[in-house]
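Please look through the sequence and the model with care before reading on. The paragraphs below are meant to be read with both in view.

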Amino acid sequence: MKKLKNWDNKTWLSSKPYISQFNKFLKKKINLNKDTKILDIGCGRANIISALQKKYKFRKKPIGIDIIANKDVKKNIVFKKIDALKYLKTKEKYDLILIKQTIHFFTKTKLNNLLNLAKKSLNPNGKILIFSLKTKNNSIPCFKKMKENLEKSLKRDEVLFKIIKNNLKKISYTNFNFKVNISKQKYIRMIKERYISCLLNMSNKEIKFGISEIKSKYKNQIKFTDTLKCISYRK
Ligand SMILES: C[S@@+](CC[C@H](N)C(=O)[O-])C[C@H]1O[C@@H](n2cnc3c(N)ncnc32)[C@H](O)[C@@H]1O
């Protein structure tokens with residue numbers, strides 16, 4: 001798969017309201033305090049753990065790992081450019097391992113390896129929280145070809161969810177909902193920058209064609225709910 005660089009590049013996923021609502025949601029899932037040790041796998045620009053660090057001033061700075069080092073990764077965390085499977089072999093232990101919108105980058109075998117290593121990297125009572133786009137009735141605004149690719153990818157995610165259930169066994173599910181209200185112009189920029197993996201392998205011509213479809217299909221302001229399924233595992 002080509003590399004994803006603009007996922008959280010000035011999109012609603014890096015906006016203050018999103019990060020703040022997301023971190024409130026996290027707080028309901030895990031008791032955060034100064035001693036909590038956090039690892040964010042596939043952290044992107046590390047907006048989430050950076051905001052947590054600002055709020056909780058953890059004694060050990062959260063660690064964010066990603067195979068891409070974006071130039072504007074947040075500075076108040078420890079960032080490492082490394083593959084998750086390699087990093088988890090360092091045998092450090094964490095209270096929270098966050099894997100947000102990242103599982104679809106893994107093959108079935110690698111996902112199993114990732115989960116096995118993540119389980120071993122948890123402190124007693126530690127938690128793994130996995131977030132991924134909901135697969136049914138997803139309302140991400142799409143043009144036709146984008147929708148086809150997204151549906152294919154969501155079908156594959158369902159297989160990955162089964163792998164997670166078989167591997168982690170005692171898990172619980174909830175949803176994180178964020179109401180997006182974005183101008184069509186801004187959303188078109190996001191599509192041009194291929195903000196989501198289902199756009200990565202499209203030709204420039206397909207993107208251009210898709211944008212004209214979005215232009216005619218949506219009003220000036222686009223509103224929808226971005227829903228993530230949250231899978232929670234406690235050691
Ligand atoms: C869709 S982004 C999500 C970023 C961030 N977690 C968020 O929710 O805003 C997925 C990230 O996972 C990273 N990634 C993919 N495969 C990875 C791997 N094997 N190890 C570490 N990071 C990986 C990608 O480079 C990308 O930055």
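The model is a predicted one, in which local features need pLDDT of at least 70 and side-chain atom pairs count only at pLDDT 80 or more, while totals for chains, interfaces and linings use all residues. Residues are numbered from 1 along each chain as its sequence is written, and side-chain values use heavy atoms, with hydrogens and water left out.

Let us start with Thr 11, whose place is in the segment before α1 (16-29); helices and strands here are DSSP runs numbered from the N terminus, a helix being H or I with at least four residues and a strand being E with at least two. Thr 11 has a relative accessibility of 6% and therefore counts as buried, since buried means under 20% relative accessible area, exposed means over 50%, and partly exposed lies in between, using a 1.4 Å probe and protein chains only. These areas come from the Shrake-Rupley method with a 1.4 Å probe, and for residues only the protein chains shown count as cover. If neighbours within four places in sequence are left aside, Thr 11 is in contact with Asn 6 and Met 190, where contact means heavy atoms within 4.5 Å.

Ala 46 counts as buried because its relative accessibility is 0%, and, not counting residues up to four places away in sequence, it touches Val 73, Lys 74 and Ile 77. The C-alpha atoms of Ala 46 and Ile 65 are separated by 8.7 Å, although these residues are 19 apart along the chain.

Which residues does Asp 40 touch, not counting residues up to four places away in sequence? Asp 40 lies in strand β1, and the residues it touches are Ile 49, Ile 63, Gly 64, Ile 65 and Leu 98. Asp 40 is buried yet has no salt bridge, and the nearest side chain of opposite charge, that of Lys 100, is 8.1 Å away. A salt bridge is defined as a side-chain nitrogen of Lys or Arg within 4 Å of a carboxyl oxygen of Asp or Glu; as for charge, Lys and Arg count as positive and Asp and Glu as negative, whereas His and the chain ends are not counted.

Side chains of opposite charge can pair when their charged atoms come close. A search of the whole structure finds eight salt bridges. One of them joins the side chains of Glu 158 and Lys 136, with an N to O distance of 2.9 Å, and this pair links distant parts of the chain, since Glu 158 is in helix α5 and Lys 136 is in the loop between β5 (122-133) and α5, 22 residues apart. Glu 158 is partly exposed at 23% relative accessibility, whereas Lys 136, with 53%, is exposed.

Another salt bridge, at 3.9 Å from N to O, brings together the side chains of Lys 145 and Glu 206. Here too distant parts of the chain are linked, Lys 145 being in helix α5 and Glu 206 in helix α7 (residues 204-217), 61 residues apart.

Because Lys 147 and Glu 151 are four residues apart in helix α5, they are separated by about one helical turn.

Lysines also gather on the surface, where Lys 16, Lys 54, Lys 74 and Lys 75 form a patch of positive charge. Such a patch is made of residues with over 30% relative accessible area and no salt bridge, like charges being joined within 9 Å and nonpolar side chains (Val, Leu, Ile, Met, Phe, Trp, Tyr) within 5 Å; the place of a charge is taken as NZ of Lys, CZ of Arg, CG of Asp or CD of Glu. Lys 74 is found in the loop between β2 (63-66) and β3 (78-81), and its relative accessible area of 34% makes it partly exposed.

Finally, consider the backbone angle phi. Gln 101, in the loop between β4 (94-100) and α4 (108-120), has a phi near 50°, a positive value in a residue other than glycine, and Gln 101 is buried, with a relative accessible area of 10%. Lys 169, in the loop between α5 (144-168) and β6 (171-183), has a positive phi near 60°, and at 60% relative accessibility Lys 169 counts as exposed.
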